[in-house]
Amino acid sequence: MTSTPNAAALAGITVLDVAGPLGNYCGKLFADLGARVILVEPPGGAPTRHIEPRIASRNDPDSSLTFQYQNTNKESIALDLDTEAGQEVFRKLASQASLVIESEQPGVMARRGLGFAELSKLNASLTLTSITAFGQSGPFSHWLATDLTAMGMGGMMYLAGYPDTAPMVACGEQAVGAANVFAGVASMAAVYDAEISNTGQHVDVSMQECVVLGMENAVQFYDLEGSIRKRNAGTQRLAGTGVFECRDGYIYLMAGGVGSNKFWAVTTDWLIAEGVAGAEQFREPCWLDQAFLVTDEAKQRFGAIFTPFARSLTKSELHAKGRERRIPLAPISDTRDICQSPQREYRGYFVDVADAHGATLRMPGAPYKLSETPWALRKRAPQLGEHTQEVLAWAGFTQDQQQALRQQGAVQ
């Protein structure tokens with residue numbers, strides 16, 4: 001990896017992103033930090049080009065909002081890896097790359113002659129990251145799965161939802177996101193090691209295992225106590241702790257704080273000062289007893305007093321009052337709140353980019369800032385095969401060889 005003053009953090013690293021939902025965001029993490037990421041798309045385009053939702057009134061291959069977001073700063077080569085010529089092109093690309101990210105079913109890349117054993121012979125320091133639903137080995141390794149499958153079999157769905165309903169799944173394909181993020185971290189570690197040792201690694205990422213890792217202490221509860229954590233969305237753990245409706249949405253309140261009663265007197269004084277009817281009773285000793293706070297009676301009594309007051313104020317008004325008295329109270333933001341946040345506006349978190357058709361798209365930037373090697377959105381997501389000629393030339397193919405590859409249908 002080369003290093004120059006004020007260069008992007010990963011300048012000098014070349015990554016081949018073999019297009020797939022389990023790897024596109026992982027590739028983006030490298031691309032946005034300055035690595036040269038070449039999106040290797042099949043002739044029909046990356047699967048993420050076909051994911052909804054789309055830019056309004058469009059149905060072209062560049063209209064998927066998922067594709068547009070996950071593939072900024074990348075180049076695209078349209079390459080048929082199921083042809084011998086296409087496989088040979090890929091080998092030449094891999095011989096000059098630091099990292100290959102792929103999410104095919106286990107064994108597919110090896111059958112093409114593009115597995116880790118074959119590629120490492122061409123490039124000993126190459127890291128190959130394989131992201132699949134269940135990993136490269138084991139009795140489930142060849143099973144097909146979606147995000148919903150991994151969330152279910154990873155245990156997360158059992159904890160998500162309401163006590164009196166079937167399990168639910170969080171919006172936004174969290175299992176896919178987790179697999180991409182964990183793959184990015186592991187890949188970066190392997191690439192760094194390869195620069196020191198000149199020996200690459202095969203990084204094996206299981207989406208299901210990424211989900212299990214996100215279950216907080218649920219596994220430990222079963223291991224140590226033999227108890228199974230349950231779904232509790234919509235319920236209050238303690239009186240005064242939970243979600244409450246306000247005038248323009250919802251807030252989350254911890255009236256007593258993390259220790260269940262540390263802030264109780266502060267919250268009580270606040271509500272009394274606000275003239276909330278019935279708040280005087282919160283000075284009774286029973287409200288400092290956690291055994292009482294967990295009862296339905298306590299929860300109902302607190303709600304009957306606090307909810308009418310909360311409904312008379314907005315999220316921002318309640319948040320300001322809570323901050324003034326250092327009470328743990330937070331607004332529950334919707335999409336509009338997130339987009340209009342003065343904090344994110346000040347930090348320039350959301351960025352605009354025009355797609356290949358001139359449509360301006362607003363998308364999240366980076367949730368971090370590097371003082372010497374800043375993150376940057378340098379270019380839009382590519383069109384299918386937009387950089388095929390440029391990438392082939394970089395790999396050493398002459399104009400005649402490129403023309404021959406096109407005639408064979410290996411590239412487009």
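**View 1. Aspartate 17 and its partner across the strands.** In this predicted model, aspartate 17 has isoleucine 101 as its bridge partner in β4. Strand β4 covers residues 99-102. It runs parallel to β1, and 3 bridges join the two strands.

**View 2. Strand β1, inside the fold.** Strand β1 spans residues 14-18. It is mostly covered: 5 of its 5 residues are buried. Thr14, Leu16 and Val18 point one way from the strand. Val15 and Asp17 point the other way. In a regular strand, side chains alternate between the two faces of the sheet. On both sides of β1, these residues are buried.

**View 3. From β1 to β2.** Strand β2 holds residues 36-41. It runs parallel to β1, with 5 bridges between the two. Valine 18 stands opposite valine 40 of β2. To get from β1 to β2, the chain crosses through helix α1, residues 24-31. This β-α-β crossover is right-handed.

View 4. Threonine 14 belongs to strand β1. Is threonine 14 buried or exposed? Its relative accessible area is 9%, so threonine 14 counts as buried, the cut-off being under 20%. Arginine 36 is the bridge partner of threonine 14 in β2. Leaving aside neighbours within four places in sequence, threonine 14 is in contact with Arg36, Ile38, Gln96, Ala97, Ser98, Leu99 and Trp394.

**View 5. The parallel sheet.** What is the strand order in the open sheet of 6 strands? The order is β3-β2-β1-β4-β5-β6, and the pairing is parallel. β3 (74-78) and β6 (202-206) stand at the edges. Each has a single partner strand, so one side of each is left without a neighbour in the sheet. From one strand to the next, the twist averages 20°.

View 6. Helix α3 covers residues 84-94. It lies across β1, β2, β3 and β4, and runs at about 150° to β1. Helix α8 covers residues 174-197. It lies across β4, β5 and β6, and runs at about 165° to β5.

**View 7. Alanine 46 in its loop.** Alanine 46 lies in the loop between β2 and α2. Its relative accessible area is 0%, so alanine 46 is buried. Which residues does alanine 46 touch, not counting those up to four places away in sequence? They are Ala19, Glu41 and Phe67. Glycine 20 is 26 residues away from alanine 46 along the chain. Their C-alpha atoms are separated by 6.4 Å.

**View 8. Glycine 135 in another loop.** Glycine 135 is found between β5 (127-132) and α6 (147-153), in a loop. With a relative accessible area of 4%, glycine 135 is buried. Not counting residues up to four places away in sequence, glycine 135 touches Pro106, Ser141, Asp204, Val205 and Ser206. Valine 203 is 68 residues apart from glycine 135 in sequence. In space, C-alpha to C-alpha, the two are 9.9 Å apart.

**View 9. The antiparallel sheet.** This open sheet has 3 strands in the order β7-β8-β9, with antiparallel pairing. The edge strands are β7 (241-246) and β9 (329-331), and each pairs on one side only. Neighbouring strands here are turned by 25° against each other on average, direction ignored. β7 and β8 (residues 249-254) pair over 6 bridges. Glycine 242 stands opposite leucine 253 of β8. Helix α14, residues 315-324, lies across β7, β8 and β9 and runs at about 155° to β9.

**View 10. The largest pocket.** Rolling a probe the size of a water molecule over the atoms shows where empty space is left. The largest pocket has a volume of about 910 Å³. How many residues line the largest pocket? There are 25, and those closest to its centre are Leu65, Thr66, Tyr69, Gln70 and Pro364. Elements that each supply at least two lining residues are α2 (65-70), α8 (174-197), α15 (335-339) and β11 (360-364).

**View 11. The whole chain, for orientation.** The protein chain comes to 18 helices and 11 strands. Its C-alpha atoms fill a box of roughly 85 × 50 × 45 Å, taken along the principal axes. Of the 412 residues, 44% are buried. Among contacts between residues at least 6 apart in sequence, 66% join residues at least 24 apart.

Definitions and conventions: Residues numbered from 1 in each chain as written. Predicted model: local features only at pLDDT ≥ 70, side-chain atom pairs only at ≥ 80, totals over all residues. Heavy atoms only, no water. Buried < 20%, exposed > 50% of the residue type's maximum accessible area, 1.4 Å probe, protein only. Helix = DSSP H or I, 4+ residues; strand = E, 2+ residues; numbered from the N terminus. Pairing = 2+ DSSP bridges. Right-handed = clockwise from strand over helix to strand, strands pointing away. Contact = heavy atoms within 4.5 Å. Axes fitted to C-alpha atoms, helices over the stretch in contact; angles between N-to-C directions. 1 Å grid on protein atoms, 1.4 Å probe; cavity = no way out; pocket = protein on both sides within 12 Å on 5 of 7 lines; lining within 4 Å. Points joined across faces, edges and corners; volume = space filled by probe spheres on them.
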